[in-house]
Amino acid sequence: MTVPDSQPMDKATLAEHFATLSAINQAINASLDLDVVIHAVMDKVIEVVKAQRGFLMLRGDDDSLTVEIARGMNKEDLDTPDFQYSTTIVNQVVRTGEPLLTSNAEHDPRLKVGQSIIALGLRSCMCVPLRVKNRLIGLVYVDNSLRAGVFRHDREQRAVIEDRRVLFA
């Protein structure tokens with residue numbers, strides 16, 4: 001994924017990033033229970049990127065993806081129908097192996113407006129592949145259907161995307 005550089009982060013943004021990394025570190029160190037840790041990290045991902053929902057999907061031995069975590073912005077587990085996500089975006093990331101960030105999914109020519117995007121009314125979406133030794137093991141997917149432009153193509157969002165790869169891989 002090529003993302004253009006933008007202006008350097010201001011001090012407030014840098015402070016927010018340090019606070020986020022500190023909170024994630026505290027979550028990791030507060031529990032030996034992996035389930036507790038990944039729920040806390042997913043909640044922090046949703047908070048930092050200002051998503052409504054976030055999903056952690058892991059790839060099984062048969063190459064199918066299973067949703068391991070589905071969380072909302074109020075730090076709650078999601079149930080049907082909120083458990084739905086864009087298969088168009090997920091399939092593209094699986095196919096290309098590249099992260100995908102769109103600030104307006106309904107008007108993004110890369111997506112050819114899939115049925116899931118229309119049905120869910122998705123605007124801002126971000127999906128990042130998780131790899132171990134170049135093998136796709138899963139995805140982190142976050143979205144926001146309330147407004148377009150929540151996720152930005154700038155250095156700050158790129159850092160968030162790259163941090164997610166490290167945290168979950």
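# Briefing on a predicted model

Lys-44 has a relative accessible area of 17%, which places this residue among the buried ones. Its salt-bridge partner is Glu-47, with 3.2 Å between N and O, and Glu-47, at 42% relative accessibility, counts as partly exposed. The structure described here is a predicted model, and its chain has 169 residues, of which 45% are buried. The points below go from the overall build of the chain to the sheet, the helices, the salt bridges, one tyrosine and the cysteines.

**The chain as a whole**

- Strands S1 and S5 run antiparallel and are joined by 6 bridges; as one detail of the bridging, Arg-53 has Asp-143 in S5 as its bridge partner.

- Within helix H2, Glu-47 and Lys-44 are 3 residues apart, which is about one turn of the helix.
- Helix H3, which covers residues 87–96, has Thr-88, Ile-89, Val-90, Gln-92 and Val-93 as its buried residues.
- The cover over the buried residues of H3 includes strands S1 (53–59), S2 (65–72), S3 (100–102), S4 (124–132) and S5 (135–144), and it also includes helix H4 (115–120).
- After H3 comes Gly-97, which has a positive phi near 75 degrees.

**Salt bridges**

- The whole structure contains 7 salt bridges, among them the one between Asp-43 and Arg-71, in which the closest N and O atoms are 2.7 Å apart.
- Because Asp-43 lies in helix H2 (residues 34–49) while Arg-71 lies in strand S2, this pair ties together parts that are 28 residues apart in sequence.
- Both residues of this pair are buried, for Asp-43 has a relative accessible area of 11% and Arg-71 comes to 8% relative accessibility.
- Arg-71 also meets Asp-77 in a salt bridge, with 2.9 Å from N to O, although Asp-77, at 48% relative accessibility, counts as partly exposed.
- Through the partners that these salt bridges share, Asp-43, Arg-71 and Asp-77 are joined into one network.

- Tyr-85 has its place in the loop between S2 and H3.
- Although Tyr-85 and Arg-53 are 32 residues apart along the chain, their C-alpha atoms are separated by 9.1 Å.
- If residues up to four places away in sequence are not counted, Tyr-85 touches Arg-53, Phe-55, Met-57, Val-67, Val-90, Ser-116, Leu-120 and Tyr-141; one of these, Val-90, is also among the buried residues of helix H3.

**The cysteines**

- A disulfide is a covalent bond between the sulfur atoms of two cysteines.
- The structure holds 0 disulfides, and Cys-125 is in no disulfide, its nearest cysteine sulfur being that of Cys-127, 9.0 Å away.
- A pair of cysteine sulfur atoms has to be within 2.5 Å to count as a disulfide, and the sulfur of Cys-127, at 9.0 Å from the closest cysteine sulfur, in Cys-125, is therefore too far for a bond.
- Cys-125 counts as buried at 0% relative accessibility, and Cys-127 likewise counts as buried at 0%.

Terms used. Residues are numbered from 1 along each chain as its sequence is written. This is a predicted model: local features need pLDDT of at least 70, side-chain atom pairs count only at pLDDT 80 or more; totals for chains, interfaces and linings use all residues. Side-chain values use heavy atoms; hydrogens and water are left out. Buried means under 20% relative accessible area, exposed over 50%, partly exposed in between (1.4 Å probe, protein chains only). Helices (H or I, at least four residues) and strands (E, at least two) are DSSP runs, numbered from the N terminus. Contact means heavy atoms within 4.5 Å. A salt bridge is a side-chain nitrogen of Lys or Arg within 4 Å of a carboxyl oxygen of Asp or Glu. Two strands pair if DSSP finds at least two bridges between them.
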